[in-house]
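Keep the structure open beside you as you read.

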Amino acid sequence: MNEAEAKPLLLDLFRRLRRAGAVLGIGELLAAYRVVDEGWGGGDTEALRQLGRLLWCKSVQEAADFEEIFDAAAAARAHVPTEPPSPEVEKEPVEPQPTPEQPPSEPPPSIPATEPPRRETGLAALPLRAPPQPQLPEAGEDLRAYWPVSRRSMVYTWRYLRRPVKDGPRNVLDLAATVERAARRGLFLEAVYERRETNHAHLVLLVDQGGSMVPFHRFTRDLVETACVESPIGQVDVAYFHNVPPDRLYRDAYLTEPLPLEHALAGCTPDSSILLVGDAGAARGYRNLQRVRSSTQLLVRLKRLTTLIAWLNPMPRHRWPGTSAELIAHLVPMFQMDADGFSNAVDVLRGQPLHPRG
Amino acid sequence: MTDMSKLTLPADRRPPRGRHPKAPKTPEPYVATDELTTAVNLAIYLRRPLLLEGDAGCGKSRLARYAAYELGLPLYEWSVRSTSRAKDGLYTYDSILRLHDVQLQRHGSQETGGDDREFGRKATKRDPESPMEYVTFGALGKAFKEEDCPAVVLIDEIDKADIDFPNDLLTVLDDPWKFEIHEADEPPVQAKHPPIVIITSNKEKGNLPAPFLRRCIYYYIEFPSDRLKEIVDAHYAARAKEEKIAAPPGDLVEAASERFLRIRDKGDLYKKPGTSEFLDWLEALRGFRELKDVVQLLRDPDAKLIYPELLFKLRADWQRYARA
């Protein structure tokens, strides 16, 4: 395959990858062109496949998807190699350098095309490559479709929830004050240190667990983990409930250690933030008055403690009408669980909502 | 070995006289697959960072040392910590020391330091008038200042740092390859030869940010099941030169790797041992103590595993195999 054939294939592949959701810019396409111009992928389809994988795949998961997309693109261009390219054709432009040590001072006009290790052929028309399967905690094919908030963006967003107070150890150098004091005294005696800021934000997370929330356990787990471990929030209290909030609270995600509501809210001050996470009946389309009533009771009780209350609903907003979620959303700012919804919820939790409710 | 399985540096970026004086002197035993070599060559050619992921102990960090040795380039390593900031890799500025020196100078007692660092603070007598003497360059900063050829920079375990860290690095690792030292009135440090950047990650804090990934060449290093023998040979060939250690006998290597792979591929381990653990284990089998019929014991699947403490690092794995 020559350069003129390689580029349309790369362009087609690039379009297909972008359609499949890969984060690739025009710069990545041009980089691949540059490499092809230098004669790298000129060898055969396998060399192009390798080039595309190295340049455009950023995780093992993507590399696995890439194989399929590449096969489709190659087939569409009717360059299906029914037999492996004959070695004579390849060898012609790429003469192996006989000297195994230091490369010669004369620059080779092009870096030789790469030749992948030959696999057994004859099983299929297209040389297939089994996707690598390392032990990574990544989702399977089916679970990847719904990915509203990534763990990383959770960590970012939690950062906005802060209430900095300077009461940490006195170990931050105050450069301005040091210079000023030295200037006033006429000599430098010591550096001036100030106290480190610590985050005094207090967050209570009430998470619906089990039942209709099972499909979202992945997110609630990430949410709790990022809030507890990877966020700067000073104090995070987590409690779990099943379906209806005030009934029973539990300390653990398996709903085995009961926790009285008073204990869960014991540390609450007017500065505390409370985030409820649950589908509020939207997942199964319930409109259960009992459920609405008990949620209302809880919300009224919480509102006596603090005004910084938000509800995160893993179901998208268009699924709320007609369910208890619609009613509860009138009582408390409720957001769907995507990147925007989550940051809006955190804005409410820090007392600076984007659209203040009247 | 054909030419395509070798690391290649474009001619205009090769060090004069073949090797840079600061290039690693001792060879790094390393067996790179052709695809990995292509990945490194691509990264060099496109001047993009190479991001390596893979299990612990499968040779991510060693690739940088290997590349530096093979290409004859200087190597600067930067082990990222949880407190690292992107600026630390470029330079650090010691303002307290400067203030201190100003005071001493004013009071007549000029201190002399024996600091013979090659970059930044080079004067034995520091002059508080010139801020550059209080600048210490980090791994990237040193690489940017290489005059004759690019340097290899290893940014080890980038995922350990704060989540902003990769994004902060991005602006530096791109055209026009320069950075400013804000504390000094100096022209920006401009890299004559953009460094070859090799980054390793274990994905401890989830994925790296998308804009950062977009810039990188990505490669996942798999456990080299079918190359263990080759790796052992390379490893002992290098050690034989330095320490006069004989390579383990062939049947021992064969029996050990068979047993090792059988345990590893069974798939019931919580933490799979990596290449480095295998090499340690093999070394223990070879030279720690005289053992009778080692090969026999290794080949017998019912026999107790020898030196399990080198392979299993979690209690559950230990209990399953060491006690069996």
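At what angle do helix H2 of chain A and H1(B) pack? Before the answer, a word on conventions. This is a predicted model, in which local features need pLDDT of at least 70, side-chain atom pairs count only at pLDDT 80 or more, and totals for chains, interfaces and linings use all residues. Residues are numbered from 1 along each chain as its sequence is written, while chains are lettered from A and ligands numbered from 1 in the order in which they are written.

Helix H2 (residues 26-37) of chain A and H1(B) pack at an angle of about 105°, with their axes 11 Å apart. Axes here are lines fitted to C-alpha atoms, for helices over the stretch in contact, and angles run from 0 to 180 degrees between N-to-C directions. Helices (H or I, at least four residues) and strands (E, at least two) are DSSP runs, numbered from the N terminus. From H2(A), the contact draws on A:Ala31, A:Arg34 and A:Val35, and from H1(B) on B:Leu42, B:Tyr45 and B:Leu46. Residues are in contact if their C-beta atoms, placed from the backbone, lie within 7 Å. By class, the residues of this contact are five nonpolar, no polar and one charged, where Ala, Val, Leu, Ile, Met, Phe, Trp, Tyr, Cys and Pro count as nonpolar, Asp, Glu, Lys and Arg as charged, and the others, Gly among them, as polar.

Now follow H1(B) into its own chain. Helix H1 (residues 34-46) of chain B lies across S1, strand S8 (196-201) and S9 of chain B, and runs at about 160° to S9(B). These strands belong to an open sheet of five, ordered S2-S5-S8-S1-S9 (chain B), with parallel pairing. Its edge strands, each pairing on one side only, are S2 (75-79) and S9 (217-221) of chain B. From one strand to the next, the twist averages 20°. Strands of a sheet pair through backbone hydrogen bonds, either parallel or antiparallel; by the criterion used here, two strands pair if DSSP finds at least two bridges between them. Strand S1 (residues 50-54) of chain B is joined to S9(B) by five bridges, and the two run parallel. Within S9(B), B:Tyr220 is the bridge partner of B:Glu53.

How is chain B divided into domains? The assignment, which is automatic or from a database, gives domain 1 (3-91 + 133-221) and domain 2 (225-321). Their C-alpha centres lie 32 Å apart. Nine residues of domain 1 of chain B are in contact with twelve residues of domain 2 of chain B. On the domain 1 side, the touching residues are six nonpolar, two polar and one charged.

Further along chain B, helix H9 (residues 250-265) and helix H10 (residues 275-287) pack at an angle of about 135°, with axes 11 Å apart. H9(B) and H10(B) are therefore oblique to each other. B:Leu252, B:Val253, B:Ala256 and B:Phe260 of H9(B) make the contact with B:Phe278, B:Leu282, B:Leu285 and B:Arg286 of H10(B). Seven of the contact residues are nonpolar, none is polar and one is charged.

Chain A has domain 1 (1-90), domain 2 (170-196) and domain 3 (200-349). The C-alpha centres of domain 2 and domain 3 of chain A are 46 Å apart. Also in chain A, the axes of helix H3 (residues 45-56) and helix H4 (residues 60-76) come within 10 Å and cross at roughly 140°, which makes H3(A) oblique to H4(A). Here A:Thr45, A:Arg49, A:Gly52 and A:Arg53 in H3(A) meet A:Ala63, A:Phe66, A:Phe70 and A:Ala74 in H4(A). This contact has four nonpolar, two polar and two charged residues.

Finally, two backbone details. Most residues other than glycine have a negative phi, and most peptide bonds are trans. A:Leu255, though not a glycine, has a positive phi of about 55°; A:Leu255 is in the loop between strand S5 (249-250) and strand S6 (258-259) of chain A. In chain B, a cis peptide bond with omega of about 5° joins B:Asp175 and B:Pro176, and B:Pro176 sits in the loop between helix H6 (165-170) and strand S6 (178-179) of chain B.

Terms used:
Angles under 35 degrees count as roughly parallel, over 145 as roughly antiparallel, 65 to 115 as roughly perpendicular and the rest as oblique. Two residues are in contact if their C-beta atoms, placed from the backbone, lie within 7 Å.
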